[in-house]
Each structure stands twice: as C-alpha cells, then as structure tokens.
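Please keep the sequence and the model at hand while reading.

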Amino acid sequence: PLIGFVGHLRPEKNPARLLKAAARVERELGMHLLVLGDGPERAELERLAAGTPSLFGRVHLVGHQSDPVPYYRAMDLFALSSDSEQMPVALLEAMACALPVVATGVGDVRAMLPEAQGEFVLPLEEHETAWPMAEKLTELLKDSARRAALGAANRARVAERYTFEAMLAAYHAEYERALAR
C-alpha cells in the first residue's frame, strides 16, 4: 500500500511527523510512502528516510510534480501532517481522487472532510507526536473496504461543496442575501 503526501516541504507542513509515523506502521503491511514536493525540509526527510531502518527503501521523495494527478491515483491513502493550515488544496485534490485521509486537525481540515472521516482527523493535542498518526495509518491500511468507503465519501464531499459550480452558487446566494437587506 502507498501512503501519499503532497505539499511544500516546510516546517509548518511537518512532513517529518509523517515519516516518523510511517516508521511505526506495522512492517508486515509492506507500506511505502510517496512524498511530492520540495522545500527546506527535504534534506531532513532524506536523512530520516536513510537513517531509519523501518523506512529504508520505502520512502520515495519525487520532488515537485507539475501534474500530481497520476501520483494521487497511485496512492491508497493520503496523509496531511501539518501544524498549520487553512484550506489545504492538496487535501481537496486527494478528496477529488477518492482517497481516504489521515490528517492533523488544523485549520479547516475537519470541516472540509465528511463526518465519516472524523476519527481519522487527529485532535490538536494528539498530533504533537507521531504515535496517533501511526495508529490511524495502520488501521486504514489494514481495511481496504473502509478505505474505499471513506474515499467515496471524500469524493462526494468535493462534488457537493468544492466544485466551481458550488463556489458560484455560494457567491450567488451571498449576493442575494446582501441585496435583500
């Protein structure tokens, strides 16, 4: 199974937390981690991947990709390990590709995801360490039916709330409310 991360490799995205969590995923699951993006944290991720025996040969840092869609399609699960976010575009992209998600509960992440994803959004006090994320990654990796159901729910949420048409409808409704005053 392939866990994916897409984002700028900056401290506030905390990709190192994801690598540390991946290192704790049960080895017999045969998990690999795909990291798309570049930035100042890349050298630290390379060091972690090379120096952690349970990650050796399992972390694939592929840099920035102008077309991430084929990479999303290769993933079985998307992980967001940020310390700070607002409305992460990578999360919307993963949801649109029908991927289940394990994420830190920062910014609008919890509100963006459907209710079914709730237990896989780590409360702020729990995302400080890699343990809770490792547990949730392991849980989803062991359950392909649950991954499929969550991915379908995520895809439906994007279609319902985050399309261009949904944005236009929301703006239209807001303008109508303002004009009615």
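Is Y171 buried, partly exposed or exposed? With a relative accessible area of 48%, Y171 is partly exposed, where buried means under 20% relative accessible area, exposed over 50%, and partly exposed in between, taken with a 1.4 Å probe and protein chains only. This is a predicted model, in which local features need pLDDT of at least 70 and side-chain atom pairs count only at pLDDT 80 or more, while totals for chains, interfaces and linings use all residues. Residues are numbered from 1 along each chain as its sequence is written, and side-chain values use heavy atoms, with hydrogens and water left out.

**Surface of helix α8**

Y171 belongs to helix α8, which covers residues 164-180; helices (H or I, at least four residues) and strands (E, at least two) are DSSP runs numbered from the N terminus. Together with F164, M167, L168 and Y175, Y171 forms a nonpolar patch on the surface, the accessible area of the group being about 560 Å². Such patches are made of residues with over 30% relative accessible area and no salt bridge, like charges being joined within 9 Å and nonpolar side chains (Val, Leu, Ile, Met, Phe, Trp, Tyr) within 5 Å. The areas themselves come from the Shrake-Rupley method with a 1.4 Å probe, and for residues only the protein chains shown count as cover.

**Helix packing**

Two packed helices are described by the angle between their axes and the distance between the axes. Helix α4 (residues 89-96) and α7 have axes that come within 7 Å and cross at roughly 115°, and α4 and α7 are therefore roughly perpendicular to each other. The contact involves L92, M95 and A96 on the α4 side and G151, N154, R155, R157 and V158 on the α7 side, contact meaning heavy atoms within 4.5 Å. Axes are lines fitted to C-alpha atoms, for helices over the stretch in contact, and angles run from 0 to 180 degrees between N-to-C directions; angles under 35 degrees count as roughly parallel, over 145 as roughly antiparallel, 65 to 115 as roughly perpendicular and the rest as oblique.

N154 sits in helix α7 (residues 144-161) and is buried, with a relative accessible area of 0%. Not counting residues up to four places away in sequence, N154 touches M95, L99, P100, V101, L113, P114 and Q117. On α4, the buried residues are A90, L91, L92, A94 and M95, and their cover includes β1, α3 (69-74), β4, β5, α5 (109-112) and α7.

The pairing of α1 with helix α2 (residues 42-51) has an angle of about 10° and axes 10 Å apart, and α1 and α2 are therefore roughly parallel to each other. P15, A16, L19 and K20 of α1 meet L45, L48 and A49 of α2 in this contact.

**Loops and backbone angles**

Most residues other than glycine have a negative phi. N14 has a positive phi of about 45° although it is not a glycine; N14 lies in the loop between β1 (2-6) and α1 (15-23) and is buried at 17% relative accessible area. A98, which follows α4, also has a positive phi, near 60°. The loop between α4 and β5 (101-104) holds A98, which counts as partly exposed at 34% relative accessibility.

E85, in the loop between β4 (77-80) and α4, is buried with a relative accessible area of 10%. Leaving aside neighbours within four places in sequence, E85 is in contact with K13, L80, V106 and G107.

**Salt bridges**

The structure holds 13 salt bridges, each being a side-chain nitrogen of Lys or Arg within 4 Å of a carboxyl oxygen of Asp or Glu. Among them are the following pairs.

| Pair | N to O distance |
|---|---|
| R47 and E44 | 2.7 Å |
| R146 and E119 | 2.5 Å |
| E174 and R177 | 2.7 Å |

R146 lies in helix α7 and E119 in the loop between α5 and β6 (121-122), so the pair ties together parts that are 27 residues apart in sequence. R47 and E44 are three residues apart in helix α2 and thus separated by about one helical turn. E174 and R177 are likewise three residues apart, about one turn, in helix α8, where E174 is partly exposed at 40% relative accessibility and R177 is partly exposed at 47%. Elsewhere, salt bridges that share partners join E119, K136, E139 and R146 into one network.
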